[in-house]
Every structure is written in structure tokens, then in C-alpha cells.
Amino acid sequence: MRVATTCAILASVSLAALGTAWGQSRAPAPAAPAAQPAAAQSRPAAPAATPAGAPTATPAAAAAPAANPGANCPGNPNALGVTRVVEVDTTGGPGFGWEHFKMHDFLRNGEVVLTFDDGPWPGNTPAVLKALADQCVKATFFPIGKHATYYPEILKEVAAAGHTIGSHTWAHKDLSSKAYATNLEEAKEEIEKGVSAVRMSLGAPEAPFFRFPALKHPPELVTYLGTRNIAIFSTDMDSFDFKMRKPDQVIKSVMTKLQKHGKGIVLMHDFQHATAQALPELLAQLKAGGYKIVHMKAKDTVKTIAKYDEEVAKDIKLPTVSDRPTSSVVRTISE
């Protein structure tokens, strides 16, 4: 059963310095058991940890609901499904994710929000979408602006499947670097061009949801996003899947951290091949473990800024380039 709940949001945020990085250019991350700050272990309503060695054990307070959330899933009546849908009022730029923002702990014991960064990407994003569709699960995607302009047809598939789409900057730059610290306008441009690129690629406004690259949150930019009424997403647990090459490593990372914390916003990457391969089994283990999926939606859509729309348009195509979809330009006539 899906219940819409409006979250009352405040504008104040508190920050921490821990962040992950993107691809092979990321800084070394801490070992998985230490990924969650100690403060998060004292979160309100946090459940007792699941005993070690039992990756599919039901969380302490995650009893199965009376109705099966996947009962209406085509071809898979035992699907994981979505148990709850929440609506987020992004006024003032609220922060989510216990790793950095100790504010809005809205998840109940056993509840999970799945998020994916750095897409869209051929092969990987479609595989992620299929795994989610097979289990009738909804997630939140934070695409990179450039990637969105490279593969708008894939991003449109994400939207068509009913997932929530935010943004993740134009080119995945570290906005906490000295280069941006001395030039706030360039940092804003990196954010805004990402928003505009996603809007242009989708052909429709996206959610006012944003995730900083490497989870590095310069205070000035947090304040700026507040003025834009864009919510900022950190994470409750980072899979560190960008460091992994085997699907079982991704599964172990996510399940072990969920055992420890009992609930949370999970960060993964639809850019990563191992994650795309891991997702079917990961969803099966979430189902077996009694976890429940929460889908986040935004109350409003983000409004782009005209000058950044124009800059993105100049970057992605020349005036003579056709904007017809690939399917109408190239077709298979024999195999």
C-alpha cells in the first residue's frame, strides 16, 4: 500500500567533511565498517543490529506488512515492490542522509531508499532499470549533466519507469576544491548547468534534488541551494561500489551496512558495471531480509535559469545539428 506523507522541512543543515569520490579519480575511502559516522549509530529510532553472519536476517522491527507490496507486480507477485511513497517539500533546501545531515530521519526501521549516481550510461543504466522493474521497485537517480546530454534516450527511460530524477552537477567536479573556493560563480555554474542539462535531456523538469560529487558540501553552496529550494542528498550508507569489480562485493557491502544500521538511504552508481550485475540478487536479498522500499518524490519540480540553459545548449550541439531521436535517424534493415 502506498501512502503519501508530506515532510515538513527546515532550512538549517549541519555538515561533516567525509565524502566519497567518483570513478578512479576518487580519493581512497574508509573501510566499509567505518563508512557510517559514529553519531549515526545514535540516530533516533535506529533498530538493534542484526547478528553477524546473517545477511538476509529480518531487521528487528521489519515484520512483513499485511499486504504484499509486490502483489500487483506484473509477472512477479512475490516482488519486493514499494511499501511507502513519501513526498518531499524542498523549500529552503533541506538536507538528507545521516552521514552529513543530522536532521530528517524519516525512515522507519527496515526501510530503504535506493539511490544511483553518475548515470545515465549505456548497458549499465538499462540493466539497473530492468532489475528494478522486475521487482517493481522505484529509486532516485542523480545523473551527471554531461552524461544526460550524451544519452538522453536512456534518461528518458529512467523517467518513463517512474523513478525520481535529480541532478549531480554538470561534469562531476569537486566543488570543495580551491579552484571553486575562490570563484563561487563558477561553482554555481557547475551546479546549474547540471540542472539545465537534465531538464533539457528529459524534455521536462526534474525533481529539485541534488547530490554533491564526492559528498563534499561547501557551506556557501549549501546556502545557495537553499535559496534555490533544492534539497541536498548525502547518504546513510555508501556502498563504495566504485571500488568494486565483482557483484558479490557490492551485495555484501550494502547488506552488511543495512544489518548494522537497520535502515537508510543507500548510495550506489548506475555508472558501475558491477552494481548493475549485482542488483537482481541484491533486491532478492532485501526481500528475503524483510526490508521495505521507500520511494521519494518531490512536491515541486526544479526551475532552471535561462542563462545556464543557453550555455548547455551551446555546449551540446551546433546550430546545424538535428535533434531528431536516434530511432528516427538510424534503423536496422538487416542482421
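Trainee: What stands opposite Glu111 in strand E11?

Mentor: Lys292 stands opposite Glu111. Keep in mind that this is a predicted model: local features need pLDDT of at least 70, side-chain atom pairs count only at pLDDT 80 or more, and totals for chains, interfaces and linings use all residues. Residues are numbered from 1 along each chain as its sequence is written, and side-chain values use heavy atoms, with hydrogens and water left out.

Trainee: What makes a run of residues a strand or a helix?

Mentor: Both are DSSP runs, numbered from the N terminus. A strand (E) needs at least two residues, a helix (H or I) at least four. The protein has 10 helices and 11 strands.

Trainee: Why are E4 and E11 called a pair?

Mentor: Pairing requires that DSSP finds at least two bridges between the strands. E4 (residues 111-117) and E11 (residues 292-298) have two bridges, in the parallel sense. So they count as a pair.

Trainee: Which other strands pair with E4?

Mentor: E10 (residues 264-269) runs parallel to E4, joined by six bridges. There, Val113 stands opposite Ile265. E5 (residues 140-142) is also parallel to E4, with three bridges. Asp117 has Phe142 as its bridge partner in E5.

Trainee: What makes the path from E4 to E5 right-handed?

Mentor: Point the strands away from you. If the path from the first strand over the helix to the second runs clockwise, the crossover is right-handed. Here the chain goes from E4 through helix H1 (residues 124-134) to E5, and this β-α-β crossover is right-handed.

Trainee: How do you know that E4 is mostly covered?

Mentor: Buried means under 20% relative accessible area (exposed is over 50%, partly exposed in between; 1.4 Å probe, protein chains only). Seven of the seven residues of E4 are buried. Glu111, Val113, Thr115 and Asp117 point one way, while Val112, Leu114 and Phe116 point the other. Across the 335 residues of the protein, 51% count as buried.

Trainee: What makes a nonpolar core?

Mentor: It is a set of buried Ala, Val, Leu, Ile, Met, Phe, Trp, Tyr and Cys residues joined through side-chain atoms within 4.5 Å. The largest one has 39 residues; Leu114, Phe116, Leu132, Leu279 and Leu286 touch the most other members. Helix H8 gives the largest share, seven residues.

Trainee: Which residues does Phe116 contact, leaving aside its neighbours within four places in sequence?

Mentor: Contact means heavy atoms within 4.5 Å. Among them are Val128, Leu132, Phe142, Met268 and Leu279.
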